[in-house]
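Let's take a walk through this fold together. Have the sequence and the 3D view open while you read.

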Amino acid sequence: MPVTVPDLLAEPALGLRALSSHCHDEDRRIGWVSTTELPDPTPFLRGDELVMTTGMLDRDDAEWVRLLGRLAELPVAALCFGTGLVHQDVPAVVVETAERTGLALLGSPVEVPFAQISRWVADRIFAERYDAVRAAVVLQDQLVRELLSGHGLRGLLRRLHRELGAGPVAVVEPGGRVLARHPSSSEWPRAGGDEGMADAAGTSVPIVVDGVPVAWLRTRLGTVRQDVLSFATSIIGLEVARHQAVLNGRRELLGQLLEDVLHRTVSDADARRRLTAYGLAVEGPHVVVVARVGGAPGRLRSLPWTLGPLLEREGDRLPTALIDDTVMLIVPDGVDAAAAARTVADHLTVLDPGVRVGVGEPRRGVAGLRLGYFEARQAAQAGPGVHRAAPLSIAGLLMGNLDLPLRELGHAVLAPLLRHDEEQRAELVTTLRSYLAHDCGSAATARELTLHRNSLRYRLRLIEQLTGRDLDRLADRTELWLALLALEADPTGTPPGQ
């Protein structure tokens with residue numbers, strides 16, 4: 001309990017007397033004690049002190065009025081006037097001014113030294129703070145036990161609801177979706193933004209993992225127990241990170257197996273056996289979903305983009321693998337693959353707002369798994385958002401193969417044309433693309449580019465000279481066509497050696 005002015009009066013050993021009617025106000029809490037004989041001690045006070053003086057400095061009535069007015073305005077908890085040394089009685093002007101300004105005024109007899117009063121107040125303040133720390137430690141222990149026990153997050157929210165007295169509590173995603181709440185019947189309107197996640201009177205504290213707010217702990221009403229909320233968000237963040245590490249281990253192991261399957265380093269029979277151990281019956285219809293994120297792949301492993309299952313201590317609801325910067329989902333028959341793709345895209349926006357997601361066609365068997373992966377990967381190359389797979393082309397399959405350095409080779413083939421276009425402000429790459437797109441038809445190419453046929457022939461001869469390829473040979477035309485596809489797939493790539 002806080003130390004108040006009425007507590008001082010109730011202690012017989014101190015012998016204090018109430019000299020103004022304001023001394024019995026229970027809200028007059030004492031934060032500390034200050035003994036002073038300065039002309040104006042207010043610059044050295046912060047408020048809530050018990051100020052003690054013997055009135056040693058000679059003051060006239062006007063000076064007493066000004067001093068007590070400043071003390072009341074600050075405000076201090078009370079003024080304790082010691083008598084028997086300088087003044088036999090408290091000056092009447094002091095008593096009158098204290099009553100008029102709302103200042104609690106105490107009289108202290110000479111037999112009780114100020115040091116005794118100071119020690120009494122200090123002992124109780126320290127006892128109060130010790131009790132508060134001990135209560136906080138007990139509550140923190142209870143919160144940890146709730147979270148780590150079978151009650152989990154819901155048990156922690158239930159305890160917070162009981163201890164804080166701040167109304168319903170909830171864990172909410174940055175987008176406003178409620179992941180957990182107590183009471184379970186409480187309503188939480190969907191809100192936009194992050195800091196505005198609480199009602200006007202409520203409180204919202206971020207749950208941070210790897211330096212990023214991944215969710216918010218909200219209370220419906222305001223609370224002064226910010227320390228409790230901060231501790232709760234800390235242990236939630238640590239628990240999420242711990243489960244994230246375990247889940248990432250499973251995803252990485254499945255990713256290693258799927259890489260072996262995709263690149264045929266294991267036989268189909270061995271692949272079926274090993275996939276079955278992961279609960280994957282690939283002989284039935286399934287759809288592959290591939291999501292690719294930009295930035296460092298480490299963020300894909302450190303940030304909890306599937307926060308809901310982590311908070312509920314669940315694994316992935318669909319088989320999920322991590323392969324470099326790619327998330328691969330295997331969606332079994334009967335589950336909406338498009339909805340699963342939208343969900344994973346929504347989750348991964350915390351890592352990359354431009355996440356690219358591709359959805360393959362329903363297929364069967366290990367061969368279908370391979371084909372579905374490259375279908376989905378090719379679809380993801382269409383850009384940000386979710387894309388259904390188009391019919392898989394051989395060129396698209398080649399471009400999607402991580403083991404083939406086609407992009408690098410393509411830039412190497414086209415490097416002379418790219419340099420020439422940049423230096424001469426020419427359009428040899430555009431000319432080549434149009435010429436191949438029109439099946440090497442000169443008339444159609446010239447019409448599209450608005451060129452004279454002689455100008456087109458000059459450009460085509462220059463392309464042959466710079467690249468060392470013959471446009472009359474099918475093999476050379478195919479190589480240039482694949483190089484153009486590689487350039488379109490990665491326009492920012494740099495030719496080797498540059």
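Helix 6 lies across strand 8 and strand 9, running at about 30° to strand 8. Helices here are DSSP runs of H or I with at least four residues, strands are runs of E with at least two, and both are numbered from the N terminus. The angles, from 0 to 180 degrees, are between N-to-C directions of lines fitted to C-alpha atoms, for helices over the stretch in contact; contact means heavy atoms within 4.5 Å.

A quick word on the source: this is a predicted model, where local features need pLDDT of at least 70 and side-chain atom pairs count only at pLDDT 80 or more, while totals for chains, interfaces and linings use all residues. Residues are numbered from 1 along each chain, and side-chain values use heavy atoms, leaving out hydrogens and water.

Four strands make an open, antiparallel sheet in the order 7-6-9-8 (two strands pair if DSSP finds at least two bridges between them). Strand 7 (178-182) and strand 8 (203-209) are the edges, each with a single partner strand, so one side of each has no neighbour in the sheet. From one strand to the next, the twist averages 20°. Strand 8 is joined to strand 9 (residues 212-219) by seven bridges, and V208 sits opposite P213 in strand 9.

Helix 5 (residues 152-164) lies across strand 6 (169-172), strand 7 and strand 9, at about 50° to strand 7.

What about the largest nonpolar core? It has 52 residues, and V327 and L348 are among those with the most contacts inside it. Such a core is a set of buried Ala, Val, Leu, Ile, Met, Phe, Trp, Tyr and Cys residues joined through side-chain atoms within 4.5 Å, where buried means under 20% relative accessible area (1.4 Å probe, protein chains only).

How values were computed: Buried < 20%, exposed > 50% of the residue type's maximum accessible area, 1.4 Å probe, protein only.
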